[in-house]
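Biologist: I have a model open and want to learn how to read it. Can you walk me through a few features?

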Amino acid sequence: TVSISPFDAESSKESTQSTLTGDFKLFDMTSSALFDTDRLVGFIEADQTKVYNYLKKDVVGSTFDVIGVEAPGYSDKPCDYTLEIIRQKRKVKTDIIDSTLCCDVEIDLKVKISDTSGRNTSVMDITTSYELPEVLEKEAAKQVEERLSLLFEKFNETNCEGLTSAKP
């Protein structure tokens, strides 16, 4: 979906570059519409749209955020991490059992850290970091699973069959 958000741009007094100032309209295309046949029944937010895409197509190069992770040895306080997907495998099986749509989902994402809010490192340290701390790996899996769960709840609430055409 596309919505318009107001944005107030202010130039920094310390800025040496010429920048635009004033009120602008930004296009927000981070949510997705849900339909039951041809009737609009709801919306899902950006994080749920991302996990929906993990089920429907290859998303290599895409990123997702993992929020509030304490990774000893990597950061001494809770940090937010942006992980870039390097490789993806997925299996989505749908079946109807006793008039209920059932779905079995397996998602295998190989990721690397592309950004973090808490560690002062060089760009090379971040962009070549293919090995995640175990606690970050577990938290990323947990947060993706939570987002998938919320997505399925939304499908159930709205009677939207968003996975019936998912490719295995």
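Modeller: Start with accessibility: buried means under 20% relative accessible area, exposed over 50%, and partly exposed in between, using a 1.4 Å probe and protein chains only. By that scale lysine 142 is partly exposed at 43%. Keep in mind that this is a predicted model, where local features need pLDDT of at least 70 and side-chain atom pairs count only at pLDDT 80 or more, while totals for chains, interfaces and linings use all residues. Residues are numbered from 1 along each chain as its sequence is written, and side-chain values use heavy atoms, with hydrogens and water left out.

Biologist: Which residue does lysine 142 meet in a salt bridge?

Modeller: A salt bridge puts a side-chain nitrogen of Lys or Arg within 4 Å of a carboxyl oxygen of Asp or Glu. Here the partner is glutamate 146, at 4.0 Å from N to O. Glutamate 146 is partly exposed too, at 40%. Helices are DSSP runs of H or I with at least four residues, strands are E runs of at least two, and both are numbered from the N terminus.

Biologist: How many salt bridges does the whole structure have?

Modeller: Six. One of them pairs aspartate 58 with arginine 90, closest N and O atoms 2.8 Å apart. Aspartate 58 is in the loop between H1 and S5 and arginine 90 in strand S6, so the pair ties together parts 32 residues apart in sequence.

Biologist: Is aspartate 58 buried or exposed?

Modeller: Exposed, at 55%, whereas arginine 90 is buried at 18%.
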